[in-house]
Amino acid sequence: MIRNYFYLVVGVLCLLSAVTHEMNGFAAVFPALSNTNIDAESRVTFNYLWHIIATENIVMGIALVLMALRKNDNAGKYIAQFVMALLAVRWASIAFSTLTSDGGNLTKILPESIIMWLLIFLLWLGIRKKRKNKKKINVHLPLKKG
């Protein structure tokens, strides 16, 4: 039974992001990289860093999907907060590197910015989601006289 749809949506989006990230790497980035004058060591470094990002997205996606199926507990909220922090730091890193290397053209990272902040917002909603309280049954037993 799904307990938190917000975690589920973000988890699925993280898994989808990992797949598309890898597909983009194999289809466009790695072939283009092999046709440049970059030394082999730098190419290997870029290659494994590319795969690390995909792997992080897989781990976050699996964790969030599993959390969506569990009862809301404090550990799940801390994990969601950690993922939110990771996404915010990723965005800050992307924004900073774009500002310093591309003359401040932040319009190039607009799609990534929208997606990352949407994921952060959905996780925030997931953390704030209230648990459904089970109805308590009050049983009144007659008092013994005597």
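This is a predicted model: local features need pLDDT of at least 70, side-chain atom pairs count only at pLDDT 80 or more; totals for chains, interfaces and linings use all residues.
Reader: How many aromatic pairs does the structure hold?
Author: Five. Rings of Phe, Tyr and Trp (its six-membered ring) pair if their centres lie within 6.5 Å; planes under 30 degrees apart count as stacked, over 60 as edge-to-face and the rest as tilted.

Reader: What about Phe30 and Trp50?
Author: Their pair is edge-to-face, at 6.1 Å centre to centre with 70 degrees between the planes. Phe30 is in helix H1 and Trp50 in helix H2, 20 residues apart, and the pair links distant parts of the chain. Helices (H or I, at least four residues) are DSSP runs, numbered from the N terminus.

Reader: Is Phe30 buried or exposed?
Author: Buried, with a relative accessible area of 13%. Trp50 is also buried, with a relative accessible area of 13%. Buried means under 20% relative accessible area, exposed over 50%, partly exposed in between (1.4 Å probe, protein chains only).

Reader: And which residues form the aromatic cluster?
Author: Phe26, Phe30, Phe46 and Trp50 form one.

Reader: Which residues make the nonpolar surface patch?
Author: Ile2, Tyr5, Ile58, Ile62, Leu66 and Leu69 make a patch of about 540 Å². Like charges are joined within 9 Å, nonpolar side chains (Val, Leu, Ile, Met, Phe, Trp, Tyr) within 5 Å. The areas come from the Shrake-Rupley method with a 1.4 Å probe.

Reader: Which helix gives the most to the patch?
Author: Helix H2 (residues 40-69), with four residues. Tyr5 lies in helix H1 (residues 5-34) and is exposed, at 53% relative accessible area.

Reader: New topic: where is Asn4?
Author: Asn4 is in the segment before H1, and counts as buried at 0% relative accessibility. A polar atom of the Asn4 side chain lies 3.2 Å from the backbone nitrogen of Tyr7.

Methods: Residues are numbered from 1 along each chain as its sequence is written. Side-chain values use heavy atoms; hydrogens and water are left out. Patches are made of residues with over 30% relative accessible area and no salt bridge: like charges are joined within 9 Å, nonpolar side chains (Val, Leu, Ile, Met, Phe, Trp, Tyr) within 5 Å. A salt bridge is a side-chain nitrogen of Lys or Arg within 4 Å of a carboxyl oxygen of Asp or Glu. Helices (H or I, at least four residues) and strands (E, at least two) are DSSP runs, numbered from the N terminus. A polar contact is a pair of N or O atoms within 3.5 Å; within protein, one must be able to donate a hydrogen and the other to accept it, and residues adjacent in sequence count only if both atoms are side-chain atoms.
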